[in-house]
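Subject: Structure for you, with notes

Hello,

Here is the structure I promised. My notes follow below it.

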Amino acid sequence: MAITVDQASLGTPGSSATSGANISFTTSVAVAAGGYVVVGVNWYNASITVTSATVDGNAATILVQGRNGSFNTALIGYYSAGGLASGKTVTATFSASPTVRTIGGMSFLDVDPTTPVSSTTGPTNGTAAAWATASATLAAGGAMVAQAMKDGFSASSNTPAAGVTECFD
């Protein structure tokens, strides 16, 4: 089966411009049974990493972390065999307290929970141009999930291209 989007946004993303050792948001929609939750976390500080994450108090997996100078991003995964109700808290914890941090998430169906990631590549430059990454080959029925951090908290004017699902700003 092909991977499909279950929920394009799990709730209002969390964001903060003050120091703190974690960031969270509360789901406002339910995830279907067998849904695979993907959480994007961004922060600004070159020496800090995401050390753990939870979905409704259950440990989630840090799939990949990337750094471009002081801009950082992580993708976190969580398989919800029985589904996930609305009103649940999703939290990422950092190794220290970055001042700027954001978090948001979405869910997919038909993801293989034993090997959800087949390729990971990260940013390779810090210019205004698009980040260059290595080529990635997707397995049949796979989906590509990407994440980027925008400097500051000003409004974004990015519009996704045809065939692309924007999950959260």
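Contact here means heavy atoms within 4.5 Å. The model is predicted, so local features need pLDDT of at least 70, side-chain atom pairs count only at pLDDT 80 or more, and totals for chains, interfaces and linings use all residues. Residues are numbered from 1 along each chain as its sequence is written, and side-chain values use heavy atoms, with hydrogens and water left out.

Start with Ile-76. Leaving aside neighbours within four places in sequence, Ile-76 touches Val-37, Val-38, Val-39, Val-41, Val-50, Ala-53, Ala-60, Thr-61, Ile-62, Leu-63 and Ala-92.

Next, the cores. A nonpolar core is a set of buried Ala, Val, Leu, Ile, Met, Phe, Trp, Tyr and Cys residues joined through side-chain atoms within 4.5 Å. Buried means under 20% relative accessible area, exposed over 50%, and partly exposed in between (1.4 Å probe, protein chains only). The largest nonpolar core has 21 residues. Val-39, Val-41, Val-50, Ile-76 and Ile-103 have the most contacts inside it. At least two of its residues come from each of strands E3 (22–26), E4 (35–44), E5, E8 (71–80) and E9. E4 gives the most, with four residues. Another core, of six residues, lies apart; Tyr-36, Val-38, Leu-75 and Phe-108 are among them.

Strands (E, at least two residues) are DSSP runs, numbered from the N terminus, as are helices (H or I, at least four). Two strands pair if DSSP finds at least two bridges between them.

Now the sheet. Four strands form an open sheet in the order E3-E9-E5-E6, with antiparallel pairing. E3 and E6 stand at the edges with a single partner strand each, so one side of each has no neighbour in the sheet. E5 (residues 50–55) and E9 (residues 89–94) pair over five bridges. Ala-53 stands opposite Ala-92 in E9. E5 joins E6 (residues 58–59) by two bridges. Thr-54 has Ala-59 in E6 as its bridge partner, and Val-55 stands opposite Asn-58. E5 and E6 make a hairpin with two residues between them. In that turn, Asp-56 has a positive phi of about 55°.

Last, the rings. Rings of Phe, Tyr and Trp (its six-membered ring) pair if their centres lie within 6.5 Å; planes under 30 degrees apart count as stacked, over 60 as edge-to-face and the rest as tilted. There are two aromatic pairs. Tyr-44 and Phe-71 form an edge-to-face pair, at 5.0 Å centre to centre and 65° between the planes. Tyr-44 is in E4 and Phe-71 in E8, so this pair ties together parts 27 residues apart in sequence. Tyr-44 is partly exposed, at 38% relative accessible area. Phe-71 is also partly exposed, at 23%.

Best wishes
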